[in-house]
Amino acid sequence: MAEGESIEIQPKTELELKDKAAEWLECAVCLQTCIHPAQLPCGHIFCFLCIKGIANQSKKCAMCRQEIPRDFIEHPNLLRMESIPETSSNYDGTYQWFYEGRNGWWRYDDRTSEDIEQAFEMKLNQFQILICGELYIIDLDAKVQYPKRDPCRKRSIKRDIRETPCKGVAGII
Amino acid sequence: MVNVSRRILVETKNLLREPPPGISATPDEDNCRYFHVIMAGPAGSPYEGGLFRLELFLPENYPLYPPSVRFLTKIYHPNIDKLGRICLDILKDQWSPALQIRTVLLSIQALLGSPNPDDPLANDVAKMWKNNEIEAIMRAKEWTQAYATDE
């Protein structure tokens, strides 16, 4: 019986180890599971959008302060990962949110899209959200987004099904 | 979570669940970016036995920009001025978005344990610290007794 028990325990421990292994994917900037993880030349991994935020500001790796190469945002070293299902919500991702860039529509990253959808369901007129470390106003009535400190930089936004053709996701083609 | 950075929520939860030793940081009821902090003076320092009140504010573009932290309790320390402003590199040019409220507060607590009169903010205090350290430490203890204890 004791032997049977130990066999039972074994796979469970393995599962726990796998969970542990997934922890390295936590981004030290947003403190959440990395979305579109990208690896800097120093080896540290963050969300692509978090690196974009740092690259616009201190231009140094948040962990080791090594300079971020100037062309990193244009040519990021993205890690191919399976998408991680979002927990703690019943958001099914059927509808996504898109923003208009200079050359067409782009899809928001899944987490931002989920936040906008949540605000949409709460029937909020507008709300604030951090994108790339910059505070944006999402105006759901006027269907625009703009940085709070620079309201002139307005971009249209829209809600559409996930499969709608677009240029890419969050600046990544 | 709408209107609040998810990171602030994560940090707040962690601070309340596992407060750093000798430090409590409580978010304001009306403003989740404003924290009421109470810090115990480190053992072996002139501030031992004192409980110091601080305020911590997270700017809109936190964590790309550092939190603002200030002592509300009067303190005699070469790197903290009359207004409670703190001279600490990680609160300025050495800030990194990988630092957190927790690490900032622990660094401030460590600064209480090792004053640095060569990089002063309160010039008179730093001068005293360099010229007559025994007297300076005595004054720091007196101020702790006078302003940072209930008695």
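Me: Strands (DSSP E runs of at least two residues) and helices (H or I, at least four) are numbered from the N terminus. In which strand of chain B does B:Tyr34 lie?

Reply: This is a predicted model, where local features need pLDDT of at least 70 and side-chain atom pairs 80 or more, while totals for chains, interfaces and linings use all residues; side-chain values use heavy atoms, without hydrogens and water. Residues count from 1 along each chain as written, and chains are lettered from A and ligands numbered from 1 in written order. The strand that holds B:Tyr34 covers residues 34-40 of chain B, and its label is E2.

Me: Thanks! Leaving aside neighbours within four places in sequence, which residues is B:Tyr34 in contact with?

Reply: Contact here means heavy atoms within 4.5 Å. With those sequence neighbours set aside, B:Tyr34 touches B:Thr26, B:Pro27, B:Asp28, B:Glu55, B:Leu56 and B:Phe57.

Me: And how far apart in space are B:Tyr34 and B:Pro67?

Reply: Along the chain, 33 residues separate B:Tyr34 from B:Pro67. In space, taken from C-alpha to C-alpha, the distance between B:Tyr34 and B:Pro67 is 9.7 Å.

Me: Staying with chain B, which two residues does a cis peptide bond join?

Reply: Look in the loop between strand E3 (51-57) and strand E4 (68-71) of chain B, where B:Pro63 is found. Omega is about 10 degrees at this cis bond, and the two residues joined are B:Tyr62 and B:Pro63. Most peptide bonds are trans.

Me: Over in chain A, what is phi of A:His36?

Reply: A:His36 sits in the loop that runs from helix H1 (2-22) to strand E1 (37-39) of chain A. Most residues other than glycine have a negative phi. The phi of A:His36 is positive, although this residue is not a glycine, and its value is near 50 degrees.

Me: Now the two chains together: how much area do chain B and chain A bury between them?

Reply: The contact draws on 25 residues of chain A and 20 residues of chain B. Buried area is the accessible area (1.4 Å probe) lost on putting two parts together, summed over both. Of the area buried between chain B and chain A, 54% is on carbon and sulfur atoms, and the total is about 1900 Å².

Me: Which side chain of chain B meets A:Asp115 in a salt bridge?

Reply: A salt bridge is a Lys or Arg side-chain nitrogen within 4 Å of an Asp or Glu carboxyl oxygen. By this rule, 2 salt bridges cross the interface of chain B and chain A. In one pair, N and O lie 2.8 Å apart, and the partner of A:Asp115 is B:Arg6.

Me: Over all chains, how many salt bridges does the structure hold?

Reply: One of them pairs the side chains of A:Arg149 and A:Glu134, at 2.9 Å from N to O. A:Glu134 belongs to strand E6 of chain A and A:Arg149 to the loop between E7 and strand E8 (155-161), so this pair ties together parts 15 residues apart in sequence. Over all chains, the number of salt bridges is 13.
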